[in-house]
Amino acid sequence: MGETVKKENNPPKPIILNAFDMNCAGHINHGLWTHPRDESYRFNELSYWTGLAKTLEQGLFDGLFLADITGCYDVYQHNIDVTLKESVQLPSHDPTTLVSAMASVTEHLGFGITVNLSYETPYQFARRMASLDHLTQGRLGWNIVTGYLDSAERLIGNQGLKAHDLRYEQADEFLQLCYQFWEGSWQNDAVKIDKQARIFTDPAKVKAIHHQGRFYQSDGVFQVMPSIQRTPVLFQAGASAKGLAFATQHAEAIFIGGGEKSAIKRQVETIRQLAEAQGREPNDIKVLMGITVVTDKRHDLAQAKLAEYEGYASSEAGLAHYSSSVGIDLSQYADDEVIAYQQTNSIASVNQRFRQQQVTKAQLIAEHRLGGRYPLIVGDGREVAEALITWVDETGIDGFNVTRTVTPESYEDFIQYVIPELQRRGRFKTEYKQGSLRHKLIGKGERLPSSHPVQSFRC
């Protein structure tokens, strides 16, 4: 009897699940595009994406999280030969072009789009995102990134990346101006659509934005009327000191890489503490970890599938990706040689590993057995479900970005074998909640709460 009361007072945390993908053939688990059952080479076909969206919605996935980069991975061997041959996120196409089509064949699935603000103007970006929030009926999210590739800077005519912390200072002003467009130009009841009175919009309820900042200037009225969420759901993946300060100020979901459970737990606790220090409700920020799953109806079949996949994966392609992530050419090291820490302008949190640990190239190759570096879970549906639940309960994370291996097979397998086991344990929904992506994830309505810094920019 007492146990029943305890469960009612402390219901288990429902797990959030996003599919983690990219508008390309080779995303995270590199080389698997060569598998005969993999269809990611069709990424330039709309039917590939609408089919995936319908599959994910049938499996009750919360969202499709779409990565993106500007530039290409050219640090490994100081060229892009491996990048091109193994399709290491090259070619890659614009993810925003996919959303309207996928939204048209789904009703609930959310869409988190990665857009690098360093190469956008705030006004045009805010207009595009607000338009998509309308067309998706409030199912849009934005993964905020500032970039980490010198190749991107050269593409747009610059010499190299701005300093790491300066990029976040620019990002903060970019957000402030977007908040003004999304939340501060049109009052909630500005749009009347009154045919008899010939008033579509009440002029008294629309105001111009006047912004003169360090990085951006803008003067005028936002062109898009208020969308369901106004501001899209904000995702971020900053893990450096500056990145975490930015993420816990602005983000509603923070994406982290894998590691030891104890380290992940400390990272989650730090995120919650920083959020609270900034006046936010700590649990309003959802923490999602990248994960790779290989599953089947029996453990031995899952292990056999993993062995099959490994025959097509490319650890060298994984190293080419990793080299650009840390800004170090890993091809210069022997397999048993410890990789020296070098301060670079790339992903600071990933690069710190070489300062804190003795890591050899052989270790990295072993970690990239499927071409990617996220934690790998292999087993039948019961084993995978229990492993995911353990991650959540022991670290405090809220869910996972599930990477693809062989597509669409890996998501179909996850839906067939793992989702029912999570549901049987009461850890995953059996139907979608109504409302926007924000309300589905956070459960407190369509708009950002008053505790968020957006409040100071509202009409």
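**Entry 1: the cores**

I began with the largest nonpolar core, which has 83 residues. For this I took a nonpolar core as a set of buried Ala, Val, Leu, Ile, Met, Phe, Trp, Tyr and Cys residues joined through side-chain atoms within 4.5 Å. Buried means under 20% relative accessible area, exposed over 50%, and partly exposed in between (1.4 Å probe, protein chains only). The residues with the most contacts inside this core are L17, F61, L64, W142, W182, I397 and F400. Helix 7 (residues 164-184) gives the largest share of this core, 9 residues. My helices (H or I, at least four residues) and strands (E, at least two) are DSSP runs, numbered from the N terminus.

I also noted a second, separate core of 23 residues, with I69, Y73, A152 and L288 among them. A reminder to myself: in soluble globular proteins, nonpolar side chains tend to be buried together.

Before going on, I wrote down that this is a predicted model, where local features need pLDDT of at least 70, side-chain atom pairs count only at pLDDT 80 or more, and totals for chains, interfaces and linings use all residues. Residues are numbered from 1 along each chain as its sequence is written, and side-chain values use heavy atoms, with hydrogens and water left out.

**Entry 2: around F61**

Which residues does F61 touch, not counting those up to four places away in sequence? I listed L17, N18, A19, L56, L109, V402, Y411, F414, I415, F428, K429 and Y432. Contact here means heavy atoms within 4.5 Å.

I looked up the UniProt record, an unreviewed entry, and its "binding site" annotation covers D68, T114, H164, Y168 and S240. UniProt positions are given in the numbering used here, feature names are shortened, and annotations may be inferred rather than shown by experiment.

I picked T114 from that set and found it in strand 3 (residues 110-116). Is T114 buried or exposed? T114 counts as buried because its relative accessibility is 4%. Leaving aside neighbours within four places in sequence, T114 is in contact with F65, L66, A67, D68, P95, N143 and V145.

Next I turned to T146, in the loop between strand 4 (140-145) and helix 6 (150-155). T146 is buried too, with a relative accessible area of 7%. Apart from residues up to four places away in sequence, T146 touches N116, S118, R167, Y168 and A171.

Then I found a cis peptide bond from L90 to P91, with omega near 5 degrees. P91 sits in the loop between helix 3 (81-85) and helix 4 (99-104). The bond from T407 to P408 is cis as well, with omega near 5 degrees, and P408 is in the loop between strand 13 (399-403) and helix 15 (409-424).

Q137 is not a glycine, yet has a positive phi of about 60 degrees. I located Q137 in the loop between helix 5 (122-135) and strand 4, and at 56% relative accessibility it counts as exposed. R198 also has a positive phi, near 55 degrees. R198 is in the loop between strand 5 (191-194) and strand 6 and is exposed, with a relative accessible area of 77%.

**Entry 3: salt bridges**

How many salt bridges does a search of the whole structure find? I got 27, each a side-chain nitrogen of Lys or Arg within 4 Å of a carboxyl oxygen of Asp or Glu.

R458 pairs with E183, the closest N and O atoms being 3.0 Å apart. R458 lies in the segment after helix 16 (437-442) and E183 in helix 7, so the pair ties together parts that are 275 residues apart in sequence. R458 is buried at 19% relative accessible area, and E183 is buried at 1%.

D398 forms a salt bridge with R272, with the closest N and O atoms 2.9 Å apart. D398 lies in the loop between helix 14 (381-395) and strand 13 and R272 in helix 9 (residues 261-277), so this pair ties together parts that are 126 residues apart in sequence.

Finally, I noted that D380, R382, E386, E421, R424 and R425 are linked in a network of salt bridges.
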